[in-house]
Amino acid sequence: MKKSVILGVATVAGLAAAAATAGTVDDVKARGKLNCGVTTGLVGFAAPDANGEWKGFDVAVCRAVAAAVLGDASAVEFVPTTGKTRFTALASGEIDMLARNTTWTFSRDVDLKFEFVGVNYYDGQGFMVPKALGVTSAKELDGATVCIQTGTTTELNLADFFRSNNISYEPVPIETNAEAQQQYLAGACDVYTTDASGLAATRATFENPGDHVLLPEIISKEPLGPLVRHGDHEWGDVVRWTLNALVSAEELGVTSANIDELSSGAGDNPEVNRLLGTEGTLGEMLGLDADWAARAIKAGGNYGEVFAQNIGEETPIGLARGLNAQWTDGGLLYSPPFR
């Protein structure tokens, strides 16, 4: 779910430059609310529940930032965005940050004038097909109809894959994941392609998930993460180090169960103490108080807890940690040190 490098590049870049002249940290504090851009709905990552409350893996990042800056994890206005609207919403200042399974690419960073503050999910593009189709590899999809979100890097990856394998396909353009699900289940396309995590999340909502399979091919690198506008470095630091706090907390053994005890200064690990503000002045360096990271972690737990609760193997989505395991466990997850 990574989008649009073709539309309105100059306009988006211009908007971003203008919006970044204001200090977002001050704006958020004055407003008393964080405006966070999310997807229009992807269960496990960002979707409203039956009571209209937004929940999910990406939602947890928004709530952690709100807790760090405002002291209230619920002080968030969630702004649903599509692949086509998300960048304009960020560039114009309609949202303060985007936490919407968006891929970090060169053109988005450099040309569209956004700043990716880190990676919260290492992903790759995959394919989902009905089991009844009898297909076991994406290389067997010659002539297939494929549901694909328009204006996305997914489109480019798909074209490259089919071209390099000398097979053809017919695209079925869609705007949102909900539309893709509807079209796919109605038989309007043989295949749905997007990030593998998105496919797993979508399949988990089906009445009969077992009737659909994810093919083995992963055809791209999709480092997904939150982003802010270029030029507003203080705000970028706040969002970046809030994400790092969740990652470091897991590595250092800080959990929702023991954080109160550790925040009292009971621990003897200097980096834990710096993270939680019981020693040092890291909060002051960010323009926040000493307890900012502790509040961020309390909002939904450390990275591992957020993963397990929303998309992990014990959830209907059932994602293994894989590349998203801590570096100490063979994964790519790694935070710079808190010192």
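Predicted model: local features only at pLDDT ≥ 70, side-chain atom pairs only at ≥ 80, totals over all residues.
**Overall build.** The fold holds 14 helices and 14 strands. Its radius of gyration is 20 Å, close to the 20 Å that the globule rule gives for 339 residues, so the chain is as compact as a globular protein of that length. The C-alpha trace spans about 60 × 45 × 40 Å along its principal axes. Contacts reach across the sequence: among those with a separation of 6 or more, 73% join residues 24 or more positions apart.

| Property | Value |
|---|---|
| Residues counted as buried | 53% of 339 residues |
| Accessible surface | about 14000 Å² |
| Share of that surface from carbon and sulfur atoms | 51% |

Where does Pro216 sit? Pro216 lies in the loop that links strand S12 (212-214) to strand S13 (222-224). Is Pro216 buried or exposed? Its relative accessibility is 60%, and the cut-off for exposed is over 50%, so Pro216 counts as exposed.

Pro216 still has partners from elsewhere in the sequence. Leaving aside residues up to four places away, Pro216 touches Thr136 and Ser137. Glu140 is 76 residues from Pro216 along the chain, and the C-alpha atoms of Glu140 and Pro216 are separated by 12 Å.

Methods. Residues numbered from 1 in each chain as written. Heavy atoms only, no water. Helix = DSSP H or I, 4+ residues; strand = E, 2+ residues; numbered from the N terminus. Rg over C-alpha atoms; globule rule 2.2 N^0.38 Å. Buried < 20%, exposed > 50% of the residue type's maximum accessible area, 1.4 Å probe, protein only. Contact = heavy atoms within 4.5 Å. Areas by Shrake-Rupley, 256 points an atom, 1.4 Å probe, with all protein chains shown as cover.
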